Each structure stands twice: as structure tokens, then as C-alpha cells.
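Dear colleague,

Please find below the structure I am handing over to you.

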Number of protein chains: 2
Amino acid sequence: MFSKACEYGIKAAIFIAVNSSENNRVSPKEISEEIDSPQAFTAKILQALVKNNVIKSVRGAYGGFEIDKDKIATIKLAQIVYAIDGDGIYNGCGLGLHTCNENHPCPVHDKFKVVREELRDMLENTTLDQLASDIKSGVSFLKI
Amino acid sequence: MFSKACEYGIKAAIFIAVNSSENNRVSPKEISEEIDSPQAFTAKILQALVKNNVIKSVRGAYGGFEIDKDKIATIKLAQIVYAIDGDGIYNGCGLGLHTCNENHPCPVHDKFKVVREELRDMLENTTLDQLASDIKSGVSFLKI
DNA sequence: TTTATTTCGGATAAATTTATCCTATTTATA
DNA sequence: TATAAATAGGATAAATTTATCCGAAATAAA
């Protein structure tokens, strides 16, 4: 469904959110250990999230990644997916047609629309704080 | 959502269905031209569909690919996707966790479940003849 | 101001997916 | 039986995604 990069990005953002809510800045090393991902690759993905204003980086000694506490509740899964995988999941044709729309639909256009709307809905109505709180309470997990 | 191979596979199967309903056997060349896909790669995908009993191949002169007329209405999109992409889309974790289930869920487990069920539903309730008839009536298209 | 720490970013490598090529095998027809 | 036409399948190449490495730039603290 999502690229590996996007999976890492989502998990990393959740982990950062959990820590930022406790005023704790984290490094790529800590992140990749907690979410079980390759460190250098994860660092690249973090850069993309920084560029897209999903997370904040602080360079230099005692630096790391964080999210403004009061922003955690406003960040949607959709923003993370968009930052890493782009808008293909929303706008791309299910069968890869270049031109696929109501007037010139691919064979599964209508059927896919339902699924895609469901997905879009989910991504746009799920915020980082919801996901982070489940991690904090031990209801959900970031690895294994 | 699906791999390129799977996209080609779905389109190829629809094209074969359209032709088989008119007692017309088709070649990889015709198929790849009609669905705008690389010929040799498409041929490989057709082999996978043959192995999984989605389509039938006839070797030798005057050979080609076809689907038993009375089988077209029974073939579900799900079978094609399974033959090419496997069951990852059903069973895989949205965030790539090896162990992700009700007892040990990833952060988006419940939210994803809804989308995945919608997708599964769609794939298991869409048959080749439905898709083929839209192509025949010019309502939907296989390329551009 | 120097040093240690840490992100940034470019270059490169490995793995996977996508795509091509060529030969073997099969089969209908002459 | 010989021939031509067609799928099967292995080997290989190209493209993309995933992953690693290393030096440059930034920054806090000594």
C-alpha cells in the first residue's frame, strides 16, 4: 500500500510525537532502533518530513528531532504520506492509466473510488496524537 | 496500490475476456498493444495467470490466450491480484510489522482494517465479465 | 574560540521490480 | 514429416527503490 520509506516515516513521526509530548528530543539512532529501520535511510526520510514541516530538526550538539507539542494534534497521517509518497495514492489511476477520470475511466475507476475515498478519509482524519497515545498506553506497538 | 505487473495483469485479463466472449484468441502482441504495456513483460505476467488458472494458453500455431466463455463471469479481480501480487494486500501490516494482529497491533491496525476490508470486498465482488462489458459498451477504457 | 555532537546532503551500493532478448518446446497445417 | 507460428522459460539488462557511507555545515558547551 505504502512504500517502505513511507512506513518508516509514519512510525518515526509517531515515535517523535510520543517523545516530544514528554519534551524529549530524539536522534535518528534512537528512532531507527525503536521502529526497527535502517538508520541512514531513516535519516533521509526525516529530512523529507522536515522539509514538509511535519517535524522539526535541531542541528548541532544536543540537537535531534521534535514536534511542537501543540502541533501534534493537528498533524494528519495524510501529510506524512504526502510528504514521502506524494499524491499518487489520491490521484493516481488504479490501473496506471495516464488519463483516467469520470469521462475516460479505467475499468475499475468507480470501484476503486470507494476504496480510495475510504483511505483518504482515514488518512485525513487520523492525527499523530491519536496514534501516539495508543503507543504511550501500550495498546499499540511500533515494532516486531 | 498494485504493482505495475498487477496492473498489466488486470488489464490483460479484461482484454482477453472481451475477446474470448467473441470466440477470439489473442496473442501477447495484440494484448500489449491494446493495454499499452511492454510485450515481453506482459507475456511473463500471462504465464503467471495461466499457472493460477485465471486464463488458458494454447501453444503452437493458431495458439494464443483465452478464457473459457462460461468462466468469465466467475473470475474475480481478487484471483488476478493474488496470482501476481500475492496476498500481501490482504494480510500484510500497513506499517510492515512482522507481527501485527489484534493482540499486538501496529498504530494504524484498526484504521487500516476498514480500508482493507473495503478493498477486499471490492476485489472479491468484481468479476471479469462486469469489467469486460463496460469495455465492450465503450463506457470504460484500457489505455491512454 | 575550540571541541564535540548532530543534522544535511551528495555519492554510491545493494536489492527489487520492471523490461528485454533469445532459444526451446509445442502444435496446426501443408 | 517438414514447416511455420506460437507460448514457455531462462538469462540478462535497465530502472527504481531501498540502504549505506562520508564529509560539510551548524550549534551547544567547555
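**Findings**

From the N terminus on, the order of elements in chain A is α-α-α-β-β-α-α-α-α. That gives chain A seven helices and two strands. Please keep in mind that this is a predicted model.

As regards overall dimensions, the C-alpha atoms of chain A occupy a box of roughly 55 × 30 × 30 Å along the principal axes. Of the 144 residues in chain A, 43% are buried. When contacts in chain A between residues at least 6 apart in sequence are considered, 68% of them join residues at least 24 apart.

The largest nonpolar core comprises 83 residues. Within this core, the residues with the most contacts are Ala13(A), Ile14(A), Ala13(B) and Ile14(B).

I turn next to the contact between the two chains. Chain A contributes 33 residues to the contact and chain B contributes 33 residues. On the side of chain A that touches chain B, helix H1 (4-20), H6 and helix H7 (128-136) of chain A each supply at least two residues. H6(A) provides the largest share of that side, with seven residues. By class, the side of chain A that touches chain B consists of 18 nonpolar, eight polar and seven charged residues.

How do the two H6 helices lie relative to each other? The axes of helix H6 (residues 109-124) of chain A and helix H6 (residues 109-124) of chain B come within 9 Å and cross at roughly 180 degrees. Angles over 145 degrees count as roughly antiparallel, and H6(A) and H6(B) are therefore roughly antiparallel to each other. In this pairing, Lys111(A), Val114(A), Val115(A), Glu118(A), Leu119(A) and Met122(A) of H6(A) meet Lys111(B), Val114(B), Val115(B), Glu118(B), Leu119(B) and Met122(B) of H6(B). The contact of H6(A) with H6(B) has eight nonpolar and four charged residues, and no polar ones.

Finally, there is DNA strand C, which is surrounded by 24 residues. The closest are Ser57(A), Lys4(B), Pro38(B), Ala40(B) and Gly60(B). At least two residues of the surface near DNA strand C come from each of helix H3 (39-51) and strand E2 (64-66) of chain A, and from each of helix H1 (4-20) and helix H3 (39-51) of chain B. Twelve residues of the surface near DNA strand C are nonpolar, eight are polar and four are charged.

With kind regards

Methods
Residues numbered from 1 in each chain as written. Chains lettered and ligands numbered in written order. Predicted model: local features only at pLDDT ≥ 70, side-chain atom pairs only at ≥ 80, totals over all residues. Near = placed C-beta within 6 Å. Helix = DSSP H or I, 4+ residues; strand = E, 2+ residues; numbered from the N terminus. Nonpolar A, V, L, I, M, F, W, Y, C, P; charged D, E, K, R; others polar. Axes fitted to C-alpha atoms, helices over the stretch in contact; angles between N-to-C directions. Parallel < 35°, antiparallel > 145°, perpendicular 65-115°, else oblique. Contact = placed C-beta atoms within 7 Å. Core = buried A, V, L, I, M, F, W, Y, C linked by C-beta atoms within 7 Å. Buried ≥ 20, exposed ≤ 12 C-beta atoms within 10 Å, placed from the backbone.
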